[in-house]
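Colleague: I am new to this model. Could you take me through it by question and answer?

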Amino acid sequence: MTTGPTVLSLRGATKRFGGLVAVNDMDFDVTEHEVLGLIGPNGSGKSTTLNLISGALKPTEGTISLRGTPISHLSAADIARRGIARTFQLVRLLPSMTVLENVRAGAVFGHRRRWGAEADAHAMRMLALVGLDRRANAHVGELTYIDTKRVELARVLASEPKVLLLDEWLAGLNPTELEEGIALIKRLRDEGRTIILVEHVMDAIRSLCDRCVVMSTGTKIAEGTPEEVLSDPEVIRAYLGD
Ligand code: ADP
Ligand code: MG
């Protein structure tokens with residue numbers, strides 16, 4: 001659960017866009033093998049927080065550390081090389097390339113680099129993990145929506161991240177796909193991966209997260225187990241006010 005070593009920590013992480021404080025003085029730790037839910041109403045700063053962690057955005061103030069080493073001054077590419085990988089709220093794949101080629105890109109450019117046949121074999125293992133190995137040679141443009149999400153996840157996994165950031169990976173799935181998607185993330189959790197899960201689906205939060213950090217208008221308003229935070233009156237108020 002939450003007793004292992006700290007992998008990632010945010011201290012006073014703040015991001016301003018002009019006068020708007022999108023992320024305000026965020027403090028939290030992520031422990032090894034933990035699934036941390038980052039939840040909150042729309043516009044509360046969840047994606048911006050992931051952007052700060054992945055280096056897509058630089059914090060206006062504060063520090064983000066990976067195993068005690070500050071990383072917030074590094075480029076996004078350097079942070080990815082150190083083992084922080086993310087999926088995007090809107091899937092970003094190369095539609096004219098095959099499923100295998102897209103996943104292989106993760107194996108080639110990621111934290112642990114592989115080349116040639118080794119990269120292919122590794123990409124195939126990741127496709128099997130997400131249940132898509134039989135579509136390896138399909139073009140991404142031919143896939144269903146959930147399958148594009150599986151490809152994106154396999155691509156990110158191919159980089160062997162130390163910390164996996166999932167931004168509403170379950171959004172837009174139908175009820176059957178949602179069940180499959182939750183089962184897939186559960187499998188990653190059971191493998192002992194360290195994950196920050198930005199999510200709106202309450203069933204997913206309850207069944208997948210060890211702990212949750214709740215944001216509202218950029219600020220952390222609660223932290224605890226899913227049961228604790230989802231019954232917190234301030235959290236309920238923040239969601240109802242959305
Ligand atoms: P969430 O992911 O929780 O829905 P976001 O992190 O996307 O929220 O956004 C938090 C706030 O920051 C919102 O008010 C949003 O409009 C604003 N915001 C996000 N990205 C930018 C940006 N690049 N420029 C200006 N404002 C932004
Ligand atoms: Mg978002």
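Predicted model: local features only at pLDDT ≥ 70, side-chain atom pairs only at ≥ 80, totals over all residues.

Modeller: Residues are numbered from 1 along each chain as its sequence is written, while chains are lettered from A and ligands numbered from 1 in the order in which they are written.

Colleague: What radius of gyration does the chain have?

Modeller: The radius is taken over C-alpha atoms, and the globule rule is 2.2 Å times the number of residues to the power 0.38. For 242 residues a compact globule would come out near 18 Å, and the chain agrees with that because its own radius of gyration is 17 Å.

Colleague: How many helices and strands are in the chain?

Modeller: Both are DSSP runs numbered from the N terminus, helices being H or I with at least four residues and strands E with at least two. Counted like this, the chain has nine helices and ten strands.

Colleague: In what order do the four strands of the open sheet lie?

Modeller: Two strands pair if DSSP finds at least two bridges between them. Strand 1 (residues 6-17) and strand 4 (residues 61-66) run antiparallel and are joined by five bridges. Strand 2 and strand 5 (69-70) each have a single partner strand, so they stand at the edges. The order is 2-1-4-5.

Colleague: Which element gives the largest share of the shell around ligand 1?

Modeller: A residue is near a molecule if its C-beta atom, placed from the backbone, lies within 6 Å of it. The residues around ligand 1 include Phe17, Leu20, Gly45, Lys46 and Ser47. Strand 2 (20-31) and helix 1 (46-54) each supply at least two residues of the shell. The largest share, three residues, comes from helix 1.

Colleague: How far apart do the C-alpha centres of the two domains lie?

Modeller: Domain bounds come from an automatic or database domain assignment. Domain 1 takes in 1-83 + 162-242, and domain 2 takes in 95-160. Their C-alpha centres lie apart by 24 Å.

Colleague: Which element gives the largest share of the side of domain 1 that touches domain 2?

Modeller: Residues are in contact if their C-beta atoms, placed from the backbone, lie within 7 Å. The contact between the domains takes twelve residues from domain 1 and nine residues from domain 2. On the domain 1 side, helix 2 (76-81) and helix 6 (175-190) give two or more residues each. The largest share, three residues, comes from helix 6.

Colleague: Is threonine 87 buried or exposed?

Modeller: Threonine 87 is in the loop between strand 6 (84-86) and helix 3 (99-109). A residue is buried with 20 or more other C-beta atoms, placed from the backbone, within 10 Å of its own, exposed with 12 or fewer, and partly exposed in between. Because threonine 87 has 21 C-beta neighbours inside 10 Å, the residue counts as buried.

Colleague: How far apart in space are threonine 148 and valine 99?

Modeller: Threonine 148 is in helix 5 (residues 145-158). In sequence, threonine 148 and valine 99 are 49 residues apart. In space, C-alpha to C-alpha, the two are apart by 8.6 Å.

How values were computed. Contact = placed C-beta atoms within 7 Å.
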